[in-house]
Amino acid sequence: MNNKFDFDKEIDRRNTGSLKWDVPENELPLWVADMDFETAPAVRRALQKRVEHGVFGYSILPDCWYQAYQDWWKKRHHLDIEKDWLIFCTGVIPALSTAVRKLTTPGEKILIQTPVYNIFFNSIINNGRFVVESPLAYENGRYTINWEDLETKLSDPQVSMMILCNPHNPVGNIWDADTLSQIGELCRKHHVVVFSDEIHCDLTAPGKEYVPFASVSDVCAAISVTAIAPTKAFNIAGLQTAAVMVPDPLLRHRMWRALNTDEVAEPNAFAVDVAVAAFEEGGEWLDALREYLQENKKAVAQFIQTEMPMITTGSLDVTYLMWLDCSQVTDDSEKLSEYLREKAGVYLSEGNIFGGNGAQFLRLNTATTRKNLMEGLRRFKKGIEEWCHEKES
């Protein structure tokens with residue numbers, strides 16, 4: 001374990017405008033996907049330097065922004081990205097919503113593999129398109145792709161886009177190259193554009209690597225828009241800095257025009273500096289973070305196995321989010337989540353919102369201090385025991 005960085009440091013986030021911590025005083029929030037840690041020292045230094053300059057006018061994209069992405073993806077993820085492939089955007093979800101609006105037409109269908117990040121539903125429905133779910137197969141605690149169902153739904157002429165979650169939030173799958181290649185071939189066959197959300201890619205467990213969708217084959221590169229960012233891994237989502245990577249020149253032009261038309265293609269005064277600092281100087285901090293998060297996830301798995309055998313844990317391979325199978329105690333995790341908040345003072349995300357078989361799951365955010373996490377687990381255990389007792393009585 002790298003002891004250079006203090007992830008056990010207690011930081012009071014209440015009354016700071018934090019979405020995560022804007023909850024009653026008695027509640028411990030372990031839900032939305034942001035972390036309770038200070039970001040990397042290099043990122044904080046870059047912010048301080050920019051603030052000290054004192055002028056915050058319009059910004060351009062210097063060559064160092066492109067180079068930072070290129071160097072990081074080549075070193076970390078073995079992908080050579082050409083400068084021209086990159087387009088700045090203010091966030092992954094703004095980019096996704098833009099792609100939905102501008103690469104499909106109203107009334108068309110967009111496929112997602114559920115259970116999946118719930119905001120995908122919003123980006124589709126709010127823009128006048130229809131959701132097509134291809135539920136992941138679930139057996140013995142692991143998720144796999146139902147290939148027959150996927151191809152059947154992709155073959156619908158009204159399905160014009162697939163949103164891929166790579167790695168997959170919330171189930172914790174790192175899709176391998178063969179799987180991604182097969183997805184690409186099916187989408188090419190049925191003329192479906194792939195929007196690949198890869199925001200969790202830098203949060204793999206130590207020793208684990210993710211595979212960029214566009215790296216797998218010429219086919220995957222040609223049909224895809226990939227959203228990438230330092231924001232999830234470095235806990236800087238509030239600074240609104242991301243990129244889309246589009247190898248195909250025609251698709252890239254359409255996406256560039258779309259992002260500019262939606263006015264989400266220009267950086268704020270801090271967006272460039274923090275991204276460059278994260279990618280150029282944040283590697284050591286990130287590796288230490290990944291180790292800490294993996295120990296947190298192992299602690300959760302051990303606690304649940306020992307103290308709460310009616311709950312089971314899924315993959316620990318990626319993200320700081322754990323997908324907890326509560327099927328032995330409920331088939332309505334929305335009610336269970338509400339109960340845990342009210343009775344035990346712990347806030348986990350209800351699985352219902354992620355589609356698929358999510359109604360039997362809760363999502364737990366482990367990106368907090370070990371002290372907070374263990375207190376949350378004690379509250380979780382207490383709430384589950386009371387829930388089960390009430391159901392039996």
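A: Before the features are read, one term is needed: a residue is called buried when its relative accessible area is under 20%, and exposed when that area is over 50%. The model discussed here is predicted.

Q: Which residues of α10 are buried?
A: As a general idea, an α-helix has 3.6 residues a turn, so residues three or four places apart point the same way. In α10 the buried residues are Ala271, Val272, Val274, Ala275, Val276, Ala277, Ala278 and Phe279. Helix α10 spans residues 271-281, and because eight of its 11 residues are buried, it is largely enclosed by the rest of the structure.

Q: What covers the buried residues of α10?
A: The cover includes the helices α1, α2 (63-77), α8 (231-234) and α11 (283-307), together with β2 (86-89).

Q: How is the pairing of strand β7 with strand β3 to be read, and in which sense do they run?
A: Strands of a sheet pair through backbone hydrogen bonds, either parallel or antiparallel. Here β3 (residues 109-112) pairs with β7 in the parallel sense, over four bridges. Within this pairing, Leu111 has Met162 of β7 as its bridge partner. Strand β7 also pairs with β8 (residues 193-197), again in the parallel sense, over five bridges. There, Ser196 in β8 is the bridge partner of Leu164.

Q: How many residues of β7 are buried?
A: In a regular strand the side chains alternate between the two faces of the sheet. In β7 (residues 159-165), seven of the seven residues are buried, so this strand is largely enclosed by the rest of the structure.

Q: What is the strand order in the open sheet of four strands?
A: The order is β11-β12-β15-β14, and the pairing is antiparallel. The edges are held by β11 (312-313) and β14 (349-350); each has a single partner strand, so one side of each is left without a neighbour in the sheet. The antiparallel pairing of β14 with β15 (residues 361-365) rests on two bridges, and Ser349 stands opposite Arg363 in β15.

Q: What is the phi of Gln240?
A: Gln240, a residue other than glycine, has a positive phi near 55°. Gln240 lies in the loop between α8 and β10 (242-245), and it counts as partly exposed because its relative accessibility is 45%.

Q: Which residues does Thr39 touch, beyond those up to four places away in sequence?
A: Thr39 touches Arg44, Phe234, Ile236 and Trp285. Thr39 is found in the loop between β1 (28-29) and α1 (41-53), and at 10% relative accessibility it counts as buried.

Q: What radius of gyration does the protein chain have?
A: With 393 residues, a compact globule would have a radius of gyration near 21 Å; the chain has 21 Å, which agrees. Buried residues make up 56% of the chain.

Methods: Residues numbered from 1 in each chain as written. Predicted model: local features only at pLDDT ≥ 70, side-chain atom pairs only at ≥ 80, totals over all residues. Heavy atoms only, no water. Rg over C-alpha atoms; globule rule 2.2 N^0.38 Å. Buried < 20%, exposed > 50% of the residue type's maximum accessible area, 1.4 Å probe, protein only. Pairing = 2+ DSSP bridges. Contact = heavy atoms within 4.5 Å.
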